[in-house]
Amino acid sequence: MTCTRRPALLALPAAAVLALGACGSSDAPGGGAATDGDVEGAALQVAASFYPLQWVTLAVAGDRADVTSLTQPGTEPHDLELSPREVAAAVDADVLVTLQGFQGAVDAAADERGGQGVVDVAPAADLEPSPGTPPGEDAAEDDHEEGHEHEEAHDQEGEGHEGEEGHDHGLEEDPHFWLDPVRMSSVAEAVADGLADADPDGADVYAANLADVQAELADLDAEFSEGLATCDSRDLVTAHQAFGYLSERYDLVQRGVSGIGGEEEPGAARLAEVAQFAEANDVRTIYTETLLPADVAETVAAETGATTAVLDTLEGLTDESPGDDYPSVMRADLETLRQGQGCS
C-alpha cells in the first residue's frame, strides 16, 4: 500500500498528527489500518473496534497510547469476525473502545473482560432508530416486511426456519453517528474520560488533546453547515441508510435504497418506490458507497436517468478512500454532496 500525505491537521497536537498520517503496520490486530498508533513506550495499549473509533481515540491519546483497530481496512464492520489473535488483542488491551450492539464479535470480547477497561461510546453518541428519515420511508421496514412475506411463503410450503430463531433482520438503532461531527465530538469526550480512568497520570494530556480534537470537529461542522446551506435538492438518495445523522444535522432528508445495516437486498417494491420518488422529485444523483456493491444504486439511477456519485461511509479506510483520515474523507464527502445536491 502506498501512503499519501495530506496537509497536517492544524488543530491536533504534533504527536497525534504524525501518528494519524502514518501507514498501518501489518503486525497490528486486524491487519492494521491507515491510522494505527505505533508509539514506542506508550502508557496504554488500546484496541478500537473499527476505524472512526480508532481515529478519535488516537487523536485524544496522542503519544500516550498505541491504538489499533480490530477491523481490517476494507472490511465491512457490520460483518466483523475476530480471529483468536484478534480476540486476545481485544481482551488483553488496557482499554477497549467500542460501540455496543454494532459488532457482535467485539461485544463478546467486551463481555469476556467483564466490563473492565471498556469504553462503550453508545450513550455519548445518542443513537436513534431512523434519524434524517421521514416516517414511512424506512427501507429497513420494507426489507423486514418483504422478508416476513418470504418466510411465510416458505412456511406454507413446509420449509420452516429451524435454528434461525435469533436471526437479526436489522439494527434497532442507526450506528453511523460518526458522520455527524457534533456527535463525534461527544464521543471524543467519552473516550478522553475512559483513557483518563485507565491512565490517571495522562489526564491532563487527554484533556488538552480533547480540546484540540473538538475544535477540529467544530470546524468540520461549520464547513458542512455552510456548504450544505443552499442546495437545489435536500433529498439524499443513498445505497443504504448510513447518512441519517448527517442528514438530520444539516437539514437533508435521507432515503436509503437498503436499510441501516445494508446487508439485505432490497425487494422489487422498494426499488420501484425509490425510483418513483427520485423521478417525482427530480433527484439527479444517486449515491453509491465505498464498501458496498454499487449495483442496487446503479439500477435506480439507470431507471430514473440520474447519475451516480460515491460517498464514503468512513467505516474503514481503503486505497480508494478519498482521503487518508477521518477529517479529509469527511471533507471529500462534503464536496461530493455539494456537487450532487446542486449546492451554491
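Which residues in H7 meet which residues in H8? I will come to that after a few words on the model.

This is a predicted model: local features need pLDDT of at least 70, side-chain atom pairs count only at pLDDT 80 or more, and totals for chains, interfaces and linings use all residues. Residues are numbered from 1 along each chain as its sequence is written, and side-chain values use heavy atoms, with hydrogens and water left out.

The chain has 12 helices and eight strands. Helices (H or I, at least four residues) and strands (E, at least two) are DSSP runs, numbered from the N terminus. Of the 344 residues, 53% count as buried. Buried means under 20% relative accessible area, exposed means over 50%, and partly exposed is in between, with a 1.4 Å probe and protein chains only. Among contacts between residues at least 6 apart in sequence, 64% join residues at least 24 apart; contact means heavy atoms within 4.5 Å.

Now the opening question. On the H7 side the residues are Pro181, Val182, Met184, Ser185, Ala188, Glu189, Ala192, Leu195 and Ala196. They meet Ala203, Tyr206, Leu210, Val213, Gln214, Leu217, Leu220 and Asp221 in H8. By class, this contact has 13 nonpolar, two polar and two charged residues. For the classes, Ala, Val, Leu, Ile, Met, Phe, Trp, Tyr, Cys and Pro count as nonpolar, Asp, Glu, Lys and Arg as charged, and the others, Gly among them, as polar.

As for geometry, H7 and H8 pack at an angle of about 175°, with their axes 9 Å apart. Axes are lines fitted to C-alpha atoms, for helices over the stretch in contact, and angles run from 0 to 180 degrees between N-to-C directions. The two helices are therefore roughly antiparallel to each other. The cut-offs are under 35 degrees for roughly parallel, over 145 for roughly antiparallel, 65 to 115 for roughly perpendicular, and oblique for the rest.

H8, residues 203-227, also packs with H12, residues 326-341: their axes come within 10 Å and cross at roughly 5°. That makes H8 roughly parallel to H12. From H8 the contact takes Glu216, Leu217, Asp219, Leu220, Glu223, Phe224 and Gly227. From H12 it takes Tyr326, Pro327, Met330, Arg331, Leu334, Leu337 and Arg338. Here the classes are eight nonpolar, one polar and five charged residues.

Back in H7, residues 181-198, we find Asp197. Is Asp197 buried or exposed? At 65% relative accessibility, it counts as exposed. Its C-alpha atom is separated by 9.7 Å from that of Val95, 102 residues apart along the chain.

Next, the open sheet. Four strands form it in the order E2-E1-E3-E4, with parallel pairing. Two strands pair if DSSP finds at least two bridges between them. The edge strands, each pairing on one side only, are E2 (65-69) and E4 (118-120). The twist averages 20° from one strand to the next. E3, residues 95-98, and E4 pair in the parallel sense over three bridges, and Thr98 stands opposite Asp120 in E4.

Helix H2, residues 51-61, is mostly covered, with 11 of its 11 residues buried. Among them are Trp55, Tyr51 and Gln54. H2 is followed by Gly62, whose phi is positive, near 60°.

Strand E6 is also described as mostly covered, with five of its six residues buried. E5, residues 235-240, and E6 pair in the parallel sense over five bridges. Which residue in E6 is the bridge partner of Val237? That is Arg255. Arg255 is buried, with a relative accessible area of 12%. Its side chain makes a polar contact with the side chain of Asp235, at 3.0 Å. A polar contact is a pair of N or O atoms within 3.5 Å; within protein, one must be able to donate a hydrogen and the other to accept it, and residues adjacent in sequence count only if both atoms are side-chain atoms.

Last, two aspartates in loops. Asp251 lies between helix H9 (244-249) and E6, and has a positive phi of about 60° although it is not a glycine. Asp251 is exposed, at 56% relative accessible area. Asp282 is in the loop between H10 (268-280) and E7 (285-289), with a positive phi near 55°. Asp282 is exposed, with a relative accessible area of 51%.
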